[in-house]
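Here is a short briefing to read alongside the structure.

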Amino acid sequence: MAHFFSHWTAHAALALVFCAPAWGQMVVPPESTVDLANGDMSLPCLAVTLEGNLILGGGSFESGALTFDHATVTGSGGTLNVGGNLISTSPLDLSTSTVVLSDVCAPGTPSQISGPITVQNLVLASSGSTPATFVLPAGSNITVLGTITLGAPGSPVVLTSSGTANAIVTLGPNATVSNPSASVVPANVQLGAIAAPAIPQSVPTLSTYGILLLALLVWGMATRTQRRIRASSAQSTRH
């Protein structure tokens, strides 16, 4: 019964949106579920806030600005097509999904990504002739496990950080960067973790005790050598 109610609530929310499109947004409340059943749901340029659960599976979900407010996404192999900001208020696991982020709903308006998000593939795309601008969160808040793609041939994108600190996109062990548009990566955006500086090998040194011991050895060898020389000189004189 609870399962039925959660699905009913989600569908009721959809119905309200379609009945009153002037609202311009959709909210999926907590404890509700939107199950795509590996299919597709298209809400082009409609702002969506998810507070419940999205069962993406291998399907696709299209929207305008997309906000995850302590929501969850389950299933693998699916795609989120977002035509605006992508916001998450809590850690969001999209490690088996692809996110395509573009400015299709508001060309010329920067699109923001915020919140700790882990995604399999991240595609940043321009919808028109003017390069889209993507504002990445300052710090290490985005992790890509598969491929991050910057634009398409002839359609570059502009990247920048949301703050004074660099925006760092952490790449998984097998992750790659695809830049078919030859987009410029600015100094305040970093694709991949900073390589740890090499620690110089210290030159072995002797302790005070070691230096004294070495000095005694040298003195002893020198004394022995002098004695041999004197003995040899004495024998030569006798002969």
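This is a predicted model: local features need pLDDT of at least 70, side-chain atom pairs count only at pLDDT 80 or more; totals for chains, interfaces and linings use all residues.

Two strands are counted as paired if DSSP finds at least two bridges between them. The protein chain comes to two helices and 19 strands.

**The chain as a whole**
- Of the 239 residues in the protein chain, 36% are buried.
- Among contacts with a separation of 6 or more, 44% are between residues 24 or more positions apart.
- The chain has an accessible surface of about 13,500 Å², and carbon and sulfur atoms hold 61% of that surface.

**The open sheet 2-5-8**
- Three strands form an open sheet in the order 2-5-8, and their pairing is parallel.
- Strand 2 (33-35) and strand 8 (72-74) are the edge strands; each has a single partner strand, so one side of each has no neighbour in the sheet.
- On average, neighbouring strands of this sheet are turned by 15 degrees against each other, direction ignored.
- Strand 5 (residues 53-55) runs parallel to strand 8, and three bridges join the two.
- If you want a residue pair to look for, L54 has V73 in strand 8 as its bridge partner.

**Strands 1, 4 and 7**
- Strand 1 (residues 25-28) pairs with strand 4 (residues 47-50) in the parallel sense, over four bridges.
- V28 has L50 in strand 4 as its bridge partner.
- Strand 4 is also joined by three bridges to strand 7 (residues 66-68), and these two run parallel as well.
- Here V48 has L66 in strand 7 as its bridge partner.

**Strand 15 and its partners**
- Which strands does strand 15 (residues 139-150) join by seven, four and three bridges? Take them in turn.
- Seven bridges join strand 15 to strand 13 (residues 117-125), and the two run parallel; in this pair, V123 has T149 as its bridge partner.
- Four bridges link strand 15 with strand 17 (residues 167-171), again in parallel, and G139 has A167 as its bridge partner there.
- Three bridges connect strand 15 to strand 18 (residues 176-178), also in parallel, where I148 stands opposite V177.

**A closer look at S88**
- S88 sits in strand 10 (residues 86-88).
- Is S88 buried or exposed? Its relative accessibility is 6%, and because buried means under 20%, S88 counts as buried.
- A polar atom of the S88 side chain lies 2.5 Å from the backbone oxygen of S90.
- Leaving aside neighbours within four places in sequence, S88 is in contact with F68, S114, G115, P116 and I117.

**The disulfide**
- The structure holds one disulfide, formed by C45 and C105, with their sulfur atoms 2.2 Å apart.
- The link of C45 and C105 is left-handed, with -95 degrees about the S-S bond.
- The pair links distant parts of the chain, 60 residues apart: C45 is in the loop between strand 3 (40-42) and strand 4, while C105 is in the loop between strand 11 (92-102) and strand 12 (111-114).
- How do the two cysteines count by accessibility? C45 has 46% relative accessibility and counts as partly exposed, and C105, at 28%, counts as partly exposed too.

Definitions and conventions: Residues are numbered from 1 along each chain as its sequence is written. Side-chain values use heavy atoms; hydrogens and water are left out. Buried means under 20% relative accessible area, exposed over 50%, partly exposed in between (1.4 Å probe, protein chains only). A polar contact is a pair of N or O atoms within 3.5 Å; within protein, one must be able to donate a hydrogen and the other to accept it, and residues adjacent in sequence count only if both atoms are side-chain atoms. Contact means heavy atoms within 4.5 Å. Axes are lines fitted to C-alpha atoms, for helices over the stretch in contact, and angles run from 0 to 180 degrees between N-to-C directions. Accessible areas come from the Shrake-Rupley method with a 1.4 Å probe; for residues, only the protein chains shown count as cover. A disulfide is a pair of cysteine sulfur atoms within 2.5 Å.
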